[in-house]
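Visitor: I have a model open and want a quick tour. Can we take it piece by piece?

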Amino acid sequence: ITVLRNINSFDGVTVSELAKLSGVTRAAVNRYLVTWEQLGYVERSRATRKYTVTPKVLEFSSGALRDDWITTHVRPHLIQTCKVMGWPLGFAAIRNSQLTVLENTDAESSMIVYPMREHITLPLVGRSAGHVLLAYKSEDVRKDILSAALAKDRYLFTRAQMDSTQFENDLKRTRTQGYALSKVPGVNWGTLSVPVEVNGDVDFALSNRFHPSAIPLDLSLIHI
């Protein structure tokens, strides 16, 4: 449990690091990892050779519900598409008033140096996936989600470098055009996100990240 907890605490960790952190021999850590990888609880990045937990570890939480179909059905398509495009893909949803990346292909992308782990949480405002998901919510639901998000971070709009009017205009534009396009504040990443409808509701967003220096934002729809 200590070893598994230490894997869960980092975005990626090696066998040597786990042994040192957990006070367990490398041989023991290796045995655990081989078993857990076979069972689907951890995975190792081919690029960094570091281990991270998978969404399957959520079954250890009492009563936790897992989106098994995402790992089983969505992830293989994401990986295959990423191999063709090169740029990383992400599959996200709103969880606890935050944007949660449920799956991504950073580890499989040839364009990524430092992979982003799955189930990382991001701000809803200022991220194209967050704007897509909010754009397709009813006004009442959207207000409730934003109210909860602002209660956690009152500088949500400031960090996104926009005000509420700009935000609402962006949501209207997103609904009209069917996608959201943005540059992530503070880093050299652009993101294109589209809604994913399941059983009549848009509860997920599919995103593609790219460098604007390689593909300008105004040309990204043509290239991607």
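Guide: One term to begin with: a polar contact is a pair of N or O atoms within 3.5 Å. This is a predicted model.

Visitor: Fine. What caps the N-terminal end of H8?

Guide: Asp 163 does. One of its side-chain oxygens lies 3.1 Å from the backbone nitrogen of Thr 165.

Visitor: How many residues does H8 have, and how far does it reach?

Guide: Helix H8 covers residues 164-177, which is 14 residues. From first C-alpha to last it reaches 20 Å. That is close to the 20 Å expected at 1.5 Å a residue.

Visitor: Which residues of H8 are buried?

Guide: Phe 167, Asp 170, Leu 171 and Thr 174 are buried. They cover an arc of only 100 degrees around the axis, so they sit on the same side of H8.

Visitor: And which exposed residues does the face turned away from that side carry?

Guide: Thr 165 and Thr 176.

Visitor: What covers the buried residues of H8?

Guide: The cover includes three helices, H5 (128-135), H6 (139-152) and H7 (156-159). Strand E6 is also part of it.

Visitor: What follows H8?

Guide: Gly 178. Its phi is positive, near 85 degrees.

Visitor: Back to E6. Which residues are on its covered face, and which on the uncovered one?

Guide: E6 spans residues 180-183. Ala 180 and Ser 182 make up the covered face. Leu 181 and Lys 183 are on the uncovered one.

Visitor: How many bridges join E6 to E7?

Guide: Four, and the two strands run antiparallel. E7 is residues 190-198. Ala 180 stands opposite Ser 193 in E7.

Visitor: Change of topic: E4. Is it mostly covered or uncovered?

Guide: Mostly covered. E4 runs over residues 98-104, and six of its seven residues are buried.

Visitor: In what sense does E4 pair with E3?

Guide: Antiparallel, over six bridges, with E3 at residues 89-95. Ala 92 has Val 101 of E4 as its bridge partner.

Visitor: What lies between E3 and E4?

Guide: Two residues, and the strands form a hairpin. Asn 96 in the turn has a positive phi of about 55 degrees.

Visitor: What about E4 and E5, how many bridges there?

Guide: Two, again in the antiparallel sense. E5 is residues 121-122. Leu 99 is bridged to Leu 122 in E5.

Notes: Residues numbered from 1 in each chain as written. Predicted model: local features only at pLDDT ≥ 70, side-chain atom pairs only at ≥ 80, totals over all residues. Heavy atoms only, no water. Buried < 20%, exposed > 50% of the residue type's maximum accessible area, 1.4 Å probe, protein only. Pairing = 2+ DSSP bridges. Expected span 1.5 Å × (residues − 1). Arc of directions from axis to C-beta. Contact = heavy atoms within 4.5 Å. Polar contact = N/O pair within 3.5 Å; in protein donor to acceptor, adjacent residues only side chain to side chain.
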